[in-house]
Amino acid sequence: MMSALVDIFLAHRHSRQTWDPTQAGLGKERRIFLRKALTVPCKMDNPLYGLESEGSTTNVSLGGMGLIAPVSWPEGSQVKVRFESLHLSGMVVYRQDPGMSQEPCRYGIKFQKLSIRDLFKLRSIIHGRSL
């Protein structure tokens, strides 16, 4: 139980730290939390453009997630991601555009300003417990 509380505290603090775009070009692993493969449908909203897209998660952690979607939104975009019973805010910190192919874009999302409640729900999903 103590480990869970430490994880939640660290994730809560991490979600309030600003992202430095210069980190994207450093070519090093920046993930703090262990990611778990999770493939479920999701929706990704971009409030700036007023657009919504269907997508699919690829992996998730307490600090962020990977997903694929058929839209091309730039790094630094503020997004809202919905999957399972969660509605989370985040920022696109990685985008891999497939170029001319019809494949969807791959995204790395850093969660932002998550509540303690959302973090507990997210941790339950990561550890495979139903809500």
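The largest nonpolar core of this predicted model comprises 29 residues, and those with the most contacts inside it are Met44, Leu67, Phe83, Tyr107 and Leu122; a nonpolar core is a set of buried Ala, Val, Leu, Ile, Met, Phe, Trp, Tyr and Cys residues joined through side-chain atoms within 4.5 Å. At least two residues of this core come from each of helix H1 (2-14), strands E2 (41-46), E4 (64-69), E5 (78-83), E6 (86-96) and E7 (105-111), and helix H2 (116-126), where helices (H or I, at least four residues) and strands (E, at least two) are DSSP runs numbered from the N terminus. The model is predicted, so that local features need pLDDT of at least 70 and side-chain atom pairs count only at pLDDT 80 or more, while totals for chains, interfaces and linings use all residues. Residues are numbered from 1 along each chain as its sequence is written, and side-chain values use heavy atoms, with hydrogens and water left out.

- Not counting residues up to four places away in sequence, Phe83 touches Leu38, Val40, Pro41, Cys42, Thr57, Val60, Met65, Leu88, Leu122 and Ile125, a contact being heavy atoms within 4.5 Å.
- In H2 the buried residues are Asp118, Leu119, Leu122, Arg123, Ser124, Ile125 and Ile126; buried means under 20% relative accessible area, exposed over 50%, and partly exposed in between (1.4 Å probe, protein chains only).
- Glycine 128 follows H2 and has a positive phi, near 75°.

**Salt bridges**

- The whole structure contains 5 salt bridges, each defined as a side-chain nitrogen of Lys or Arg within 4 Å of a carboxyl oxygen of Asp or Glu.
- Lysine 43, which is partly exposed at 28% relative accessibility, forms a salt bridge with glutamate 54, the closest N and O atoms being 3.5 Å apart.
- That pair links distant parts of the chain, with lysine 43 in strand E2 and glutamate 54 in strand E3 (residues 51-60), 11 residues apart; glutamate 54 is itself partly exposed, with a relative accessible area of 46%.
- Lysine 43 also forms a salt bridge with glutamate 52, the closest N and O atoms being 3.7 Å apart, and glutamate 52 is partly exposed at 45%.
- Glutamate 52 and arginine 82 meet through their side chains in a further salt bridge (2.9 Å, N to O), a pair that links strand E3 to strand E5 across 30 residues.
- Arginine 82 is partly exposed, at 26% relative accessibility, and salt bridges that share partners join Lys43, Asp45, Glu52, Glu54 and Arg82 into one network.

**Lining of the second largest pocket**

- The residues that line the second largest pocket are Asp7, Phe33, Leu34, Arg35, Lys36, Ser61, Leu62, Arg123, Ile126 and His127; on a 1 Å grid over the protein atoms alone, a pocket is an open set of points where a 1.4 Å probe fits, with protein on both sides within 12 Å along at least five of seven lines, and lining residues have an atom within 4 Å of a point.

**The loop between E6 and E7**

- Glutamate 103 lies in the loop between E6 and E7 and is exposed, with a relative accessible area of 57%.
- Glutamate 103 and proline 70 are 33 residues apart in sequence and 7.4 Å apart in space, C-alpha to C-alpha.
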